[in-house]
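Biologist: I have the model open and would like to go through it with you. Can we begin with a loop and work outwards?

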Amino acid sequence: MARAAFFVLAALATGSALGLILKKNAIHGALFLVVNLGSIAVLYLMLGAEFLAAAQVIVYAGAIMVLFVFAIMVLIPGKEETGPDPRRAYRLLALPLGAALLLLLGGVVAGRLGAPAAAGAAGDAGALGRLLFTRYLFPFEVTSVLLLAAMVGVLLLARRGA
Amino acid sequence: MIADLGIAFGRVAFVMMFVLNLGGILTWVERKQSAIMQDRIGANRASIFGLRLLGLFHPLADAIKMLTKEDFRPARADRFLFGLAPFVSVFFALVAFASIPFGDTLRVAGREIPLQAVTLNVGILYVFAMLSLGVYGVMMAGWSSANNYALLGGQRAAALMISAEIAIGASIMGVVMVYGSLDMMDIVRGQGTLLWGWLPAWGIVTQPLAFVLFLTAGIAATKRIPFDMPEGESEIIGYFVEYSGMKFGMFAMADFLETVVIAGMTTSLFLGGWQVPYLAAEGFRFPGGAAWALPHLVVVPLQVGAFVGKVCAVIFFMMLVRWTLPRFRYDQAMRLGWLGLFPLSVLNIVLTGLLLLAWGAA
């Protein structure tokens with residue numbers, strides 16, 4: 001039962017990821033990404049990571065992707081206005097870079113296949129919070145500085161335009 | 001095994017029927033309440049064999065009318081998304097209620113049945129997540145209609161929902177901090193204690209600021225007056241302008257369902273959920289020392305009744321607001337969301353944290 005659900009979800013996640021990169025229409029692509037994020041969230045749920053699943057849906061599917069779709073709707077109103085990509089040359093770079101990333105990820109996953117699952121209740125928000133503020137405090141704070149820097153940058157750009 | 005499946009099915013069916021039927025009746029309540037507020041008689045013509053029942057058949061007549069109307073689709077519309085959008089809207093509004101508890105654990109024949117459709121230890125986040133996904137239906141409708149007015153409506157809806165949801169998310173954090181759990185059942189249980197021996201520790205007492213912020217943002221999230229700028233039915237035309245028949249009806253239904261969900265959340269987080277004041281598991285225990293023992297099978301229906309009553313009261317209040325206030329201008333709503341509700345919610349989190357620390361130290 002769980003195994004069957006996993007394969008259905010894996011197919012959904014892979015299919016929607018393919019849809020994201022293969023669809024010419026930007027809105028369709030973005031909606032495929034939403035489906036992808038949602039199916040990953042259900043995979044988290046099946047692993048017992050309830051908090052992570054909820055956070056994934058709220059932050060990525062519910063907030064970031066809404067902004068993405070919003071921006072696409074503002075910038076590309078009609079389907080016929082999306083012309084050929086002016087930076088076609090860059091797309092050739094995607095192939096070797098993608099292959100390198102695939103090798104790297106494959107190596108990491110293959111190295112971990114036999115390892116036992118991480119201990120602790122991942123679904124418990126309290127345990128997660130404790131870990132974030134003790135063991136992973138430094139990366140956590142660095143991430144917040146990174147987000148702050150991005151926000152300041154956006155403000156600067158918006159001001160320059162005005 | 002069969003009994004377990006039956007119980008699970010019953011829990012889901014109760015919640016679904018409750019939300020769906022309440023949403024349907026709300027179309028009648030909306031007409032009748034506005035009629036009373038405006039000194040009119042209101043809908044009273046639909047009848048079955050001359051039986052009118054105060055116009056209660058009007059939702060039924062509406063449904064039949066919408067189902068039999070032509071289902072029109074603009075020629076340039078995006079076929080798939082145009083058809084999918086109303087279903088997305090209704091689906092997420094309908095499933096959001098699943099982790100809101102409508103009663104305490106029911107003990108029958110040696111079984112313990114938690115009275116909520118799904119037990120989730122991050123229940124409050126689940127409701128919030130489902131509410132935040134509902135906006136996709138609206139945006140898809142606006143974009144796929146190939147109509148600039150619809151597109152504008154969809155964009156307004158997206159901007160409104162984001163600014164409301166930020167405030168909703170930040171204002172429920174205070175409640176989570178006070179009751180120390182993300183599980184809605186635990187939060188409602190926590191509201192059963194008494195402060196100073198007589199005051200029920202409901203969220204509205206412990207988190208008054210969050211209550212006001214949550215209800216305001218919640219009304220905004222339902223996209224209804226005074227926050228109906230996605231549709232603005234009196235002068236602008238909204239994201240569903242190209243929809244007809246039951247697909248149009250589904251968007252209206254999603255708004256009503258969201259009203260029920262927001263009312264259910266307000267009840268569970270701030271009004272004690274299924275708690276009846278001074279009613280403990282074994283009966284009433286009044287502050288003066290008086291007690292009135294009640295059997296378990298009386299206590300639980302009382303609590304479920306209290307939950308339903310509170311939800312109806314909150315909906316009544318939301319309808320009062322809807323028929324009292326004029327619409328906010330788009331920029332006013334944005335300013336209210338980002339410069340009013342959000343900073344105040346953050347302030348509420350800081351204040352709650354400080355008070356909890358002081359309380360713990362004392």
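Modeller: Start with B:Pro226, which sits in the loop between α9 and α10 of chain B. Helices here are DSSP runs of H or I with at least four residues, strands are runs of E with at least two, and numbering starts from the N terminus.

Biologist: What are the ground rules for the numbers?

Modeller: This is a predicted model, where local features need pLDDT of at least 70 and side-chain atom pairs count only at pLDDT 80 or more, while totals for chains, interfaces and linings use all residues. Residues are numbered from 1 along each chain as its sequence is written, chains are lettered from A and ligands numbered from 1 in the order in which they are written, and side-chain values use heavy atoms, with hydrogens and water left out.

Biologist: Back to the proline. Is the peptide bond from B:Ile225 to B:Pro226 cis or trans?

Modeller: The bond is cis, and its omega is near 10°. Most peptide bonds are trans, and most residues other than glycine have a negative phi.

Biologist: Which residues go against that on phi, then?

Modeller: B:Asp39 is one of them, with phi near 60°. B:Tyr278 is another non-glycine residue with a positive phi, about 70°.

Biologist: Where are B:Asp39 and B:Tyr278?

Modeller: B:Asp39 is in the loop between α1 (2-37) and α2 (58-68) of chain B. B:Tyr278 belongs to the loop between α10 and β5 (279-280) of that chain.

Biologist: Buried or exposed, for B:Asp39 and B:Tyr278?

Modeller: B:Asp39 is exposed, at 73% relative accessible area. B:Tyr278 has 24% and counts as partly exposed. The cut-offs are under 20% for buried and over 50% for exposed, with partly exposed in between, using a 1.4 Å probe and protein chains only.

Biologist: And what about B:Phe227?

Modeller: B:Phe227 is buried, with a relative accessible area of 4%. Its place is the loop between α9 (208-221) and α10 (245-270) of chain B.

Biologist: What does B:Phe227 touch?

Modeller: Not counting residues up to four places away in sequence, B:Phe227 touches B:Leu160, B:Thr216, B:Ile219, B:Ala220, B:Phe328, B:Ala333 and B:Leu336. Contact means heavy atoms within 4.5 Å.

Biologist: Which residues are in contact with B:Arg322?

Modeller: With neighbours within four places in sequence left aside, B:Arg322 contacts B:Glu30, B:Arg224, B:Ile225 and B:Glu233. B:Arg322 lies in helix α11 (residues 296-322) and is buried, with a relative accessible area of 9%.

Biologist: How accessible is B:Ile187?

Modeller: B:Ile187 has 0% relative accessibility and counts as buried. The residue is in helix α7 (residues 184-190) of chain B. Outside four places in sequence, its contacts are B:Ile124, B:Val175, B:Tyr179, B:Ser181, B:Ser268 and B:Leu269.

Biologist: Zoom out. How many helices and strands does chain B have?

Modeller: Chain B has 12 helices and seven strands. Its radius of gyration is 22 Å, close to the 21 Å from the globule rule for 362 residues, so chain B is as compact as a globular protein of that length. The radius is taken over C-alpha atoms, and the rule is 2.2 Å times the number of residues to the power 0.38.

Biologist: What fraction of chain B is buried?

Modeller: Buried residues are 54% of the 362. Of the chain B contacts between residues at least 6 apart in sequence, 77% join residues at least 24 apart.

Biologist: Now chain A. What is its secondary structure?

Modeller: Chain A has six helices and zero strands. Buried residues make up 20% of its 162 residues. For contacts between residues at least 6 apart in sequence, the share joining residues at least 24 apart is 53% in chain A.

Biologist: How is chain A divided into domains?

Modeller: Domain 1 is 1-78 + 91-123 and domain 2 is 124-162, with bounds from an automatic or database domain assignment. Over C-alpha atoms, the centres of the two domains of chain A are 21 Å apart.
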